[in-house]
Amino acid sequence: MTEPTDTLRHAALHYHEFPKPGKLEIRATKPLANGRDLSRAYSPGVAEACLEIKANPADASRYTARGNLVAVVTNGTAVLGLGNIGPLASKPVMEGKAVLFKKFANIDCFDIELDESDPEKLADIVCALEPTFGAINLEDIKAPDCFIVEERCRERMNIPVFHDDQHGTAIVVGAAATNALHVSGKAFADIKIVSTGGGAAGIACLNMLLKLGAKRENIWLCDIHGLVYEGRSVDMNPQKAAFAQHSDLRSLDEVIGGADMFLGLSGPNVLTPDMVAKMTPKPIVFALANPTPEIMPDAARAVAPDAIIATGRSDFPNQVNNVLCFPFIFRGALDVGATTINSEMEIACVQGIAELARASTTAEAAAAYQGEAMNFGPDYLIPKPFDPRLSGIVSTAVARAAMDSGVATRPLADLDAYKADLDASVFKSSMLMRPVFEAARKDARRIVFAEGEDERVLRAAQAILEETSEQPILIGRPSVIEARCERLGLDVRPGRDFNLVNPEDDPRYRDYWGSYHEIMKRRGITPDLAKAVMRTNSTAIGAVMVHRGEADSLLCGTFGEFRWHLNYVTQVLADATHHPHGALSMMILEDGPLFIADTHVRVFPTPEELAETAIGAARHVRRFGIEPKIAFCSQSQFGNQGNDSGKRLRAAIALLDSAPRDFCYEGEMNIDTALDAELRARLLPDNRMEGAANVLIFSNVDAASGVRNILKMKGGGLEVGPILMGMGNRAHIVSPSITSRGLLNMAALAGTPVTHYG
């Protein structure tokens, strides 16, 4: 039987080898399809960019990738967990670091492994790289050489140089320590700190704790030889000597008594349970050695059940992971053209990470760490790496600190807009949804959620209260919703932050079933059946609330089939003014949005219904600040087939042509013709559409729904919708695959005043 370690080894090697070796590749960002492109990309056009940069070196960030390019540089002398394995063997680690830069902060990286052990020569090589890169990330260089290399590079280079093993670790430790003290009710200035490990990371962490308010006389540093004390000559350097104590004590066991915090960056099993027992109540134990910490969490808690523990491992709470820091501190530094990363920027990073952990958890982070409790407290001191808010919060804090401290060469005029752009790079829908959210903030519309007990709805309700002026109303059992809010670490509570409708016991029950019966009494619904529906059917309850004016819009559909929900929405809310005439989905793709209709409502729409769908789609597309260009899509192309699909679409276009329209439409045509203006021009030179269509309307729901799902599952498309057209924002039916972010987007759409959009 294969051991788990063998399985992991095989999987890791397979991951690195296939489908192509390594974890990185280079891709062009500009087209290179013809001679004109070539003349601009290279000779002679490239000379223009060269001359601009020669005249003004700062323009390199305008005309080249330098402003978003980081070098990850190592000589492989101190690779985490592996030691001095040399530059070539360290390459997979450096490629991995580059991948993290790209994933978490969209920063491009080259990994550079240098066969040079002399720190002075290594610094010379790194300094010579300055014309190529916007910043340097030093990695896995042994101490004390790393101190020398970083110091020389910072002195001579006019771009940020950051040794992540030192400062990245220190920043995350600083954030975790800040929150550990918050939990324990202690202060930096008052605590005794005992640390093991006098390497680069350990020294940097102690210096960070000093910046945060710890007192040097309260810091006791130990290494493999025991306490670092005044007069010691064995294995000393200036960095260690700065923390030397005037003391006759010599061992870790002797100095640990009365310590409030243990900080370990050394080796396995250095700290014993007996030592932990000598610490103060609520001891803070950061055992960060990898893969085996200085003490295992269960061993520490056996003698100190109230201990607050962090490790470097992902299988325990409070993993101190540099990925919380380095992508975002570089993002902020690059975006303001910082000449260095200074203490002010590091402290801003610490504070941003710490504050984020104390905020409520996002649905996206919860989805990435299913089953883990992420409520601020002893087991959740720092956010998870996949928390999407890190980029906006931490990078903006760093950029602000760089500007305030005078090291930014390209200061930003609007930091709020900058944060919004960073959020948009994480949440693909953010940029397109911005005008919708701005409209939603102006009106406090009441949105009722039919499936109020669903985790996605609860998270969306909190986000609605944070990001809009809307008032969520949830249908569900109070005890269930209260318990789930508590379990999920949400700040919101029913009755205080949002209203509830309890289908099991609500004082409005008689009014609701009476209203439903009045609407449906001539359609076979008896009083008893109306009572049963109002006890069991949350979609019908929500629709009745909108009908009675107790809510402005209904959101339903997080489970169940679309047409089942549509039946009750139509029963209660459809009238001469409002009736469902199509579902519109915005698919956010790599090159922009594409709208698809009708994806759910009309199976085989008539020409009149297709024309109505086009008019509604044009109106809704403009909600996103986009000018609609509508293509009617079919197998038939500009009359070349006489099938039913082509006939109905041609008739719909004729109906649209019968009156003035304020939007562009064309068809019937194939999808490729709709999206390729050159192809369309060859087939029909005098067609009335310029550029690619951004709205595709199909002659049957199967085609529209199929394209929508292919784009979502295989095309990497993110869906906003489906938007139920024709109901005046009185109801929207989402799909069961929707996320909390999707529900927030739909709530913003529902929160737009009905007078603006039909």
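This is a predicted model: local features need pLDDT of at least 70, side-chain atom pairs count only at pLDDT 80 or more; totals for chains, interfaces and linings use all residues.
# Exercises on helix packing and local contacts

Helix α18 (residues 389–404) packs against helix α19 (residues 415–426) at an angle of about 145°, and their axes are 9 Å apart.

**Exercise 1.** Describe the crossing of α18 and α19 and sort the residues of their contact by class.

*Solution.* Step 1: α18 passes α19 in a right-handed crossing. Step 2: on the α18 side, the contact is made by Ser 391, Gly 392, Ile 393, Ser 395, Thr 396, Ala 399, Arg 400 and Met 403. On the α19 side it is made by Leu 415, Tyr 418, Lys 419, Leu 422, Asp 423 and Val 426. Step 3: sorted by class, the contact of α18 with α19 has seven nonpolar, four polar and three charged residues.

**Exercise 2.** State how α9 and α16 are arranged, and which residues make their contact.

*Solution.* Step 1: two packed helices are described by the angle between their axes and the distance between the axes. Step 2: for helix α9 (residues 164–184) and helix α16 (residues 343–358), the angle is about 45° and the axes are 9 Å apart. Step 3: this angle makes α9 oblique to α16. Step 4: α9 passes α16 in a right-handed crossing. Step 5: α9 contributes His 167, Ile 171, Gly 174, Ala 175, Thr 178, Asn 179 and His 182 to the contact. From α16 come Glu 346, Cys 349, Val 350, Ile 353, Ala 354, Ala 357 and Arg 358. Step 6: by class, the contact of α9 with α16 has seven nonpolar, five polar and two charged residues.

**Exercise 3.** Is α23 roughly parallel or roughly perpendicular to α26?

*Solution.* Step 1: the axes of helix α23 (residues 509–520) and helix α26 (residues 562–573) come within 9 Å and cross at roughly 85°. Step 2: angles of 65 to 115 degrees count as roughly perpendicular, so α23 is roughly perpendicular to α26. Step 3: the contact is made by Tyr 516, Ile 519 and Met 520 of α23 and by Tyr 568, Gln 571 and Val 572 of α26. Step 4: five of the residues in the contact of α23 with α26 are nonpolar, one is polar and none is charged.

**Exercise 4.** Where along the chain are the residues that Arg 456 contacts?

*Solution.* Step 1: Arg 456 belongs to helix α21 (residues 455–467). Step 2: leaving aside neighbours within four places in sequence, Arg 456 is in contact with Thr 558, Pro 736, Ser 737, Ile 738, Thr 739, Ser 740 and Leu 743. Step 3: take Ile 738 from this list. The C-alpha atoms of Arg 456 and Ile 738 are separated by 8.4 Å, although the two residues are 282 residues apart along the chain. Step 4: the side chain of Arg 456 reaches the backbone oxygen of Pro 736 at 2.7 Å.

**Exercise 5.** Which parts of the chain does the pair of Phe 595 and Phe 624 tie together?

*Solution.* Step 1: the whole structure holds seven aromatic pairs. Step 2: Phe 595 and Phe 624 form a tilted pair, at 5.6 Å centre to centre and with 50° between the planes. Step 3: Phe 595 lies in strand β16 (residues 592–597) and Phe 624 in the loop between α27 (607–621) and β17 (629–633), so the pair ties together parts that are 29 residues apart in sequence.

**Exercise 6.** Locate two cis peptide bonds and a residue with positive phi.

*Solution.* Step 1: a cis peptide bond joins Asn 290 and Pro 291, with omega about 0°. Pro 291 is in the loop between β9 (284–287) and α14 (297–303). Step 2: another cis peptide bond joins Ala 597 and Asp 598, with omega about -15°. Asp 598 is in the loop between β16 and α27. Step 3: Asn 318 is not a glycine, yet has a positive phi of about 60°. Asn 318 is in the loop between β10 (308–311) and α15 (326–335).

Methods. Residues are numbered from 1 along each chain as its sequence is written. Side-chain values use heavy atoms; hydrogens and water are left out. Helices (H or I, at least four residues) and strands (E, at least two) are DSSP runs, numbered from the N terminus. Contact means heavy atoms within 4.5 Å. A polar contact is a pair of N or O atoms within 3.5 Å; within protein, one must be able to donate a hydrogen and the other to accept it, and residues adjacent in sequence count only if both atoms are side-chain atoms. Axes are lines fitted to C-alpha atoms, for helices over the stretch in contact, and angles run from 0 to 180 degrees between N-to-C directions. Angles under 35 degrees count as roughly parallel, over 145 as roughly antiparallel, 65 to 115 as roughly perpendicular and the rest as oblique. A crossing is left-handed if the near helix is turned anticlockwise from the far one by less than a right angle, and right-handed if clockwise. Ala, Val, Leu, Ile, Met, Phe, Trp, Tyr, Cys and Pro count as nonpolar, Asp, Glu, Lys and Arg as charged, and the others, Gly among them, as polar. Rings of Phe, Tyr and Trp (its six-membered ring) pair if their centres lie within 6.5 Å; planes under 30 degrees apart count as stacked, over 60 as edge-to-face and the rest as tilted.
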